[in-house]
There are 2 protein chains.
Amino acid sequence: MADKERLYLFDTTLRDGAQTVGVEFSLDDKIAVAKLIDQLGIDYIEGGFPGANPVDNKFFEQNRTKNAIFTAFGMTKRAGRSVENDPGLQSLISSSAPAICFVAKAWDHQVKLALGIEPEENLASISQSIRAAIAADKQSLLDCEHFFDGFKANPEYALACVSAAVEAGARWIVLCDTNGGTLPREIERIVAEVIKICPGEKLGIHAHDDTGHAVANSLAAINAGARHIQGTLNGIGERCGNANLATIIPTLLLKEEYSSRFAITPDEKNLSQLTRISRAFDDLLNRAPDRQAPYVGAAAFATKAGIHASAQAKDPASYEHVAPEAVGNQRAIMVSQQAGKSNLIIALKRHNISVEKSDPRLDGLLRQVKEREARGYSYDGADASFALLARRKLDMLPHFFDVESFRTSIERRHNAKGELITMSEAVVKVRIDGELRMSVAEGNGPVNALDSALRKDLGKYSGRIADLELVDFKVRILNGGTGAITRVLIESRDGSGERWYTIGVSANIIDASFEALHESITYKLVKTAKT
Amino acid sequence: MADKERLYLFDTTLRDGAQTVGVEFSLDDKIAVAKLIDQLGIDYIEGGFPGANPVDNKFFEQNRTKNAIFTAFGMTKRAGRSVENDPGLQSLISSSAPAICFVAKAWDHQVKLALGIEPEENLASISQSIRAAIAADKQSLLDCEHFFDGFKANPEYALACVSAAVEAGARWIVLCDTNGGTLPREIERIVAEVIKICPGEKLGIHAHDDTGHAVANSLAAINAGARHIQGTLNGIGERCGNANLATIIPTLLLKEEYSSRFAITPDEKNLSQLTRISRAFDDLLNRAPDRQAPYVGAAAFATKAGIHASAQAKDPASYEHVAPEAVGNQRAIMVSQQAGKSNLIIALKRHNISVEKSDPRLDGLLRQVKEREARGYSYDGADASFALLARRKLDMLPHFFDVESFRTSIERRHNAKGELITMSEAVVKVRIDGELRMSVAEGNGPVNALDSALRKDLGKYSGRIADLELVDFKVRILNGGTGAITRVLIESRDGSGERWYTIGVSANIIDASFEALHESITYKLVKTAKT
């Protein structure tokens, strides 16, 4: 490691990523995302704009990262104000973040056009802002907006912005390809020019994917001597997105061209979590993960049966450029019955179910898992449902109660006062020890009403589920249009603090929800069964 | 044009693209895809493997392209057989395609391992196959499988494969990065080595996206002297996909680095159809288009941030590297919490609503957008709902019909045969011109039933919504637990091909769905109103 050069990774998912069409982070989202990305083991996590909106103000009230340097983002001082009298700059300086990434335009045309100030005022702002941050004991970075277009139009001015930041003591000067239109050779050529006045150890790259080159441009800048890459998880970001850190990290760690020359903070252990982290983020965004994503996609190591399959069986490297396990992903071609069974046994052990590898029921269970996953179930995220499926197949599931039928109705109408109201009501019939019990309940929606009705009277089981609580409810439509299938995932919790996840799948959203509810209660009953 | 070098484009959507997980082309699909891709105006369209399966046999009974050279794909002659006695080779030669792309392994290790033959036999097969194709008056190409890994392991053998093809008279020798693991600098270095024995005018590149470099690697090969690029529409393909022609074509035509040096067959007119062709292909695959796709994505020219929008209004090039119209796409300024009045005015203009910046109603609209977004609406993904909100606020929304009430019920019970079934039924009451209309419908879920009932009888409006179709339905639970709010986003389409997005938000999922349905119909009525 000693002889390798250090490369720094900077995540801007919560700032530039928040510019993605369709993405809007709440405070809770931001806290969860920061925690998740911090597991990547990278150097910086940029959290947003303190002072710009209530969510970010709250978010910056405390340091939100354990491993990465928590970084605030904002504009350099406004021209015509002093450092002390610029409320935007003061919000940055007074936030809890130990680092500030300032943004300033590095193209004189844009400075005049968009800011309406003189290019010299902009240079003074850069310098004063960085000095103010350093005086407040913050690490400071400068994002040079429009750098590459600016350099092509007026290289002297673009370089003057860089010099102003270097002289003021900025830790990093980051060259932004703001409209994403620059190609790798031009990136390489211009970075090489900038290095003549700013050492590569202070130079970073911020690339966008408008020509499909965000990753290639980031590496082109490294090839030319820059030592800091900004990107986002799963490549989210304005327009076509930012450089995807989930692609760049494995390339830096696994490809000899980079791994032999550079050291980065993420290690093998972080890397082995990459697929999980990438998918957890999509879950948080409530979107389907991109199956074709490099390294982490569900299809990234999938081979369809055909001429490739037999070569693959003889030598996995034929069609795999890296080992899927290295990034926490898995080969999706013809998982040998044997390998599948080993995974199964490990998962069962987690639920205190021990089965011999030779047990023929394992084949049946494996078949059923695959058959159900093909229909839309996904046991990765629904461990409790997996445990119930396994117990059922292995004859280890006690019989608790039967649901004979349920009915729910939702009505929207005007009430006596002429206001529009919506009422949800549910009726559930269950049979326990031969006795039929019928319960009715209202709720703020059909699922809530069904949940209340189902739990209202479970006879002798009622006491055992008293502390069960639904924490979260997620819905995903699996294929659009008329053949759509709905997958519902429910997160539950009880007094012990344990959380569990159950799943339901159906063309009917209410059906799918009820299945997941029913599974949650059953899991709680298994959990509390006297053994 | 005369002084530009010619670059050739080769589409393998119907062959390598058919290896995509989840993609399976029927004969009708293949005919439709070939017709669609032929509109790109490129040089070659590879249709599949004649002789390998009934669909491809039928497909190759006639020439399926008008502009491109229709190309068959298959293995070189099997070792141990003569040209005449190899049924695979004979199927290629007897197909209607005027060109054949042969595939042969260019890595001696793979030749021995996967084919179980001697490396010399493989060279003889290459040579004999190409000569046989030429004798049958076909243009012939050779795909060198595993070329880059093969070259690194044994450059002499990899180059011997290329030489065998050149000497036999192949029009193109295509270097395949089969497992997608090679990075741009290595591509460039190795292509430069190959050019020493094979002129660039005969050399092609076939790249995969396993490190996110399929496009960059294709251009790296061109930079090194190759003159033929293989790719697929929208980058479909095995694992992470192939080089995306919908990204490469506009880069070659619009970026000076390439447009000044190279001539390709697609022209400005083809280019202006690119977005339509790309989205029509996703329609055909029955999947949602990637909003962040370079050039053609719905978000590729979308700006969300208020500070960007005002700069954008002053100079579109600030955040646009090319003009969206050039690729048949359009600028989209999104309305969201981060928006200011500039965004609003631009967004309104897109809906043919022009308002002065000084109009006081704009403040009211902006306030309402922000207030509703705070409650869970998100207009940047629901443009049609934004247009309706704006028209309502600006008194530009005609009154169509009132929904007096609706009711939906979902029942799960055993039918007469003892099977568990779920029934969904909905009743909707609407008032049109004072007249009450009541409709009832069933559906495979409550939303489908409500949609059917709502659209069943809208009196004088029925004809205007006849071609309205729901394409996708997305559900997001905004905050977990008991205070959960549900956001429903519906994507609709009509006969004109236009797609629009509407939103509904409520504590009750059915309520939220109904709101989004109602908005979709209202948008369609606005769209078809006589002005």
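Okay, let's start inside chain A: between domain 1 and domain 2 of chain A, the count of salt bridges is zero. By salt bridge I mean a side-chain nitrogen of Lys or Arg within 4 Å of a carboxyl oxygen of Asp or Glu. Quick housekeeping: this is a predicted model, where local features need pLDDT of at least 70 and side-chain atom pairs count only at pLDDT 80 or more, while totals for chains, interfaces and linings use all residues. Residues are numbered from 1 along each chain as its sequence is written, chains are lettered from A and ligands numbered from 1 in the order written, and side-chain values use heavy atoms, leaving out hydrogens and water.

Back to our domains, whose bounds come from an automatic or database domain assignment. Domain 1 of chain A covers 5–285, domain 2 covers 302–393 and domain 3 covers 402–527. The C-alpha centres of domain 1 and domain 2 of chain A lie 40 Å apart. Eight residues of domain 1 and seven of domain 2 are in contact, meaning heavy atoms within 4.5 Å.

How much area do they bury? About 580 Å², with 52% from carbon and sulfur atoms; that's accessible area (1.4 Å probe) lost on putting two parts together, summed over both. On the domain 1 side, A:Leu254, A:Lys255 and A:Thr275 lose the most, together 58% of what that side buries.

Now the two chains. Chain A and chain B bury about 8100 Å² between them, 50% of it on carbon and sulfur atoms. The contact takes 99 residues from chain A and 101 from chain B. Here we do find salt bridges, four of them. In one salt bridge, the side chains of A:Arg185 and B:Glu257 meet at 2.9 Å, N to O.
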